[in-house]
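Biologist: Could you walk me through the terms you use for this model, one at a time? I would like to see what stands behind each label.
Modeller: Gladly, let us look at it together.

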Amino acid sequence: MSRTVYLNGTYLPEEEAQVSIFDRGFVMGDAVYEVTCVLDGKLTEFDGHMARLQRSLKELEMVCDITRDEWLEIHRKLIELNGVEEGGVYLQVTRGNAGDRDFHYPPAGTPPTVVLYTQSKPGLVEDPKADKGIKVISVPDLRWHRRDIKTVQLLYASMAKMAAEKEGKDDAWFVEDGYVTEGSSNNCYIVKGGKIITRDLSHDILHGITRGSVLRMAREAQMVIEERPFTIAEAQSADEAFYTSASAFVMPIVEVDGVALGDGKPGKVAKRLREIYIEESRNSAI
Ligand code: PDD
């Protein structure tokens, strides 16, 4: 059965949703996006994702007048129409149809293109990967320098994931000037001597919504956090590691560039934070 998707104010079957070949998102990757997780048919961290969307739009001087309540209504309607219990809602706003290819932004008043659709992914919570832990490789961070803006320019992230897959691993960590920035689609952490270490916020990384909540929950659980860059060597000698993202919550990492961490099994800090995060997200989902 085909999904119902949202395109510029209309709900329609996915086969009928069409965007212009002149759309700036298509021609120039001139678009921002958000992925909001759905648990038990409800949205987790909705307001965090909408706040980051507004920030991304503002940083790129992109105008989209849809209000928070209207976004919520669209998300909820799509979840209902498509019967999503576990999965996510993908949202993308592009600078619209410029009428022709031009490096300049289209004239003010050009309507943005707004697309939302659901992705059903049963098994997000009971993910066998979270029980086993995942393995990562490192690759140079060759992305642009405004990684805090959530744009659809994901080619390099995609190349990094493919490089990991070719080596039989699960994901890639980006490294710049000798320090880990983040994962291909997640924020990363190591745990050493009971301390959680994760890179501080700047233009170098995406300000993960899951990151913000997980750090708050860790502090509430009296865990010690150090926000600073770390190296691959430091990660390889850590007791454990994990990553966070809206679609994977807290994911234990058991190997970095071929070196097993600790006893090679998911660590207790990652496991505990995963439990707390999933429970709190469930309780606060709307
Ligand atoms: N990715 N860093 C990068 C580069 C990301 O692409 C993501 C999210 C994160 C984590 O952000 P959050 O906790 O807000 O999901 C960090 C999403 C899930 C994606 O592209 O599918």
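Biologist: Which residues form a nonpolar patch on the surface?
Modeller: Ile21, Phe22, Phe26 and Val27 form that patch, with about 410 Å² of accessible area together. A patch takes residues with over 30% relative accessible area and no salt bridge, joining like charges within 9 Å and nonpolar side chains (Val, Leu, Ile, Met, Phe, Trp, Tyr) within 5 Å. A salt bridge is a side-chain nitrogen of Lys or Arg within 4 Å of a carboxyl oxygen of Asp or Glu. Accessible areas come from the Shrake-Rupley method with a 1.4 Å probe, and for residues only the protein chains shown count as cover.
This is a predicted model, where local features need pLDDT of at least 70 and side-chain atom pairs count only at pLDDT 80 or more, while totals for chains, interfaces and linings use all residues. Residues are numbered from 1 along each chain as its sequence is written, and side-chain values use heavy atoms, leaving out hydrogens and water.

Biologist: Why is Val27 called partly exposed?
Modeller: Buried means under 20% relative accessible area, exposed over 50%, and partly exposed in between (1.4 Å probe, protein chains only). Val27 has 33% relative accessibility, so Val27 counts as partly exposed. Val27 is found in helix H1 (residues 24-28); helices (H or I, at least four residues) and strands (E, at least two) are DSSP runs, numbered from the N terminus.

Biologist: And why does Asp141 count as buried?
Modeller: Asp141 has 7% relative accessibility, so Asp141 counts as buried. Asp141 lies in the loop between strand E7 (134-140) and helix H5 (155-166). Contact means heavy atoms within 4.5 Å; leaving aside neighbours within four places in sequence, Asp141 is in contact with residues including Arg147, Tyr156 and Val175.

Biologist: What makes E3 and E5 a pair?
Modeller: Two strands pair if DSSP finds at least two bridges between them. Strand E3 (residues 31-39) and strand E5 (residues 87-94) have eight bridges, in the antiparallel sense. Within E5, Leu91 is the bridge partner of Glu34.

Biologist: How do you know that E13 is mostly covered?
Modeller: Six of the six residues of strand E13 (residues 240-245) are buried. Glu240, Phe242 and Thr244 point one way, and Ala241, Tyr243 and Ser245 the other way. Five bridges join E13 to strand E10 (residues 187-192), and five join E13 to strand E14 (residues 249-256).
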